[in-house]
Amino acid sequence: IRVSVSGGGPRALCGGIQVIEDPTKFNAIDTDRLREALRWRGDPVEIGEVRLLTGGASREIYSVSAEISGERHELVVRLDPEGRVDTTARNIEFEVLSAAHAAGVPVPAPWFVLGPKDGLGSGYVMAYVGGETLGSRIVRDPNLSAAREIMAHQCGVILATIHSIDLASLPDLPHLPSATSVATATVAAWRDTYDGLSEPHPAI
C-alpha cells in the first residue's frame with residue numbers, strides 16, 4: 001500500500017516503490033531502446049531523468065520522465081532482471097493491472113507490454129504514482145496524519161473493489177477454484193522450476 005498526499009488530498013493506493021538514491025544506478029536501462037518503444041504513443045520522444053527504484057527486489061523497476069509529442073509523462077518501467085525472462089508472468093501481471101484499473105482500483109494506469117522487438121526484455125510500462133511506501137513513516141509522519149485517519153476506510157474500499165472484478169472478464173488468466181488448488185498448483189510450479197535447474201540443491 002502506498003499513501004499519496006498530492007492532487008486532491010491523501011489517498012491509499014495499491015503497490016509501492018521507493019527511490020534508490022544511488023547515482024551509480026541511474027540510467028541503467030537502455031534509453032535509446034526505451035525511446036523507440038515509447039514512439040507508438042507519439043513522436044518525438046525525449047527521455048529525461050531515469051531512476052532505479054526499489055520495492056520489488058525480484059524485478060528491475062525504473063521511474064522515467066519522458067516528453068512525448070510535447071507532453072510530459074512520469075512513467076515506471078518494470079522489467080525482469082538480465083538472465084531471467086518470464087514473459088508469461090509479466091503479461092499476466094499487466095492483464096491483472098489493466099483489469100484492476102478498469103474496475104476503479106487505484107493502481108497506476110497501465111500503458112503497454114514490452115515485446116521482443118523493443119529489445120528491453122520482459123516487462124511493461126505504466127504510469128508513475130508518487131507517495132510514501134515505508135510503513136514506519138506512514139504511521140509516524142505528522143504530514144500524513146490526515147491520511148492515517150481515512151486510510152483504513154480507503155483500504156476497505158480498495159479490497160471490495162478488487163473483489164468486484166469479474167474473473168470471467170479475464171479468460172487468459174489462470175483460474176484456481178479453491179485455496180487448496182492454489183497451494184497445490186504453487187508447489188507444483190516451484191517443483192517444475194526446481195527440476196528445470198538440473199542441479200542439486202539439498203536444502204530445497
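Glu-93 is partly exposed, with a relative accessible area of 24% (buried means under 20%, exposed over 50%, partly exposed in between; 1.4 Å probe, protein chains only). The model is predicted: local features need pLDDT of at least 70 and side-chain atom pairs pLDDT 80 or more, whereas totals for chains, interfaces and linings use all residues. Residues are numbered from 1 along each chain as its sequence is written, and side-chain values use heavy atoms, with hydrogens and water left out.

The side chain of Glu-93 meets that of Arg-90 in a salt bridge, 2.4 Å from N to O (a side-chain nitrogen of Lys or Arg within 4 Å of a carboxyl oxygen of Asp or Glu). Both residues belong to helix α2, residues 87-103, where they are three residues apart, about one turn of the helix. Arg-90 counts as buried because its relative accessibility is 1%.

# The chain as a whole

The protein chain has five helices and eight strands (DSSP runs numbered from the N terminus: H or I of at least four residues for helices, E of at least two for strands). Read from the N terminus, the order of elements is β-β-β-α-β-β-β-α-β-β-α-α-α. The protein chain has 204 residues, and 33% of them count as buried.

# Helix α1

Four residues of α1 are buried: Leu-34, Arg-35, Ala-37 and Leu-38. Seen down the axis of α1, these buried residues fall within an arc of 160 degrees, so they line one face of the helix (the arc is taken from the directions from the helix axis to the C-beta atoms).

Arg-35 also takes part in a salt bridge with Asp-32, at 2.9 Å from N to O. Asp-32 and Arg-35 are three residues apart in helix α1, so about one helical turn separates them. Asp-32, at 48% relative accessibility, counts as partly exposed.

# Other salt bridges

In the whole structure, a search finds eleven salt bridges. One of them joins the side chains of Arg-137 and Glu-132, with 3.5 Å from N to O. Arg-137 is partly exposed, its relative accessible area being 41%, while Glu-132 has 15% relative accessibility and counts as buried. Elsewhere, salt bridges with shared partners join Arg-78, Asp-80, Arg-90 and Glu-93 into one network.

# Aromatic pairs

The structure contains two aromatic pairs (ring centres of Phe, Tyr or Trp, the last by its six-membered ring, within 6.5 Å; planes under 30 degrees apart are stacked, over 60 edge-to-face, the rest tilted). One of the pairs is formed by Trp-40 and Phe-112 and is edge-to-face, with 5.2 Å from centre to centre and 90 degrees between the planes. This pair links distant parts of the chain, as its two residues are 72 residues apart. Trp-40 is in the loop between α1 (31-38) and β4 (45-54), and Phe-112 is in strand β7, residues 110-113. Phe-112 has 9% relative accessibility and therefore counts as buried.

# Two serines with positive phi

Ser-69 has a phi near 55 degrees, a positive value in a residue other than glycine. Its place is the loop between β5 (60-68) and β6 (71-79). With 45% relative accessibility, Ser-69 counts as partly exposed.

Ser-198 likewise is a residue other than glycine with a positive phi, near 60 degrees. Ser-198 belongs to the segment after α5 (179-195) and is exposed, with a relative accessible area of 67%.
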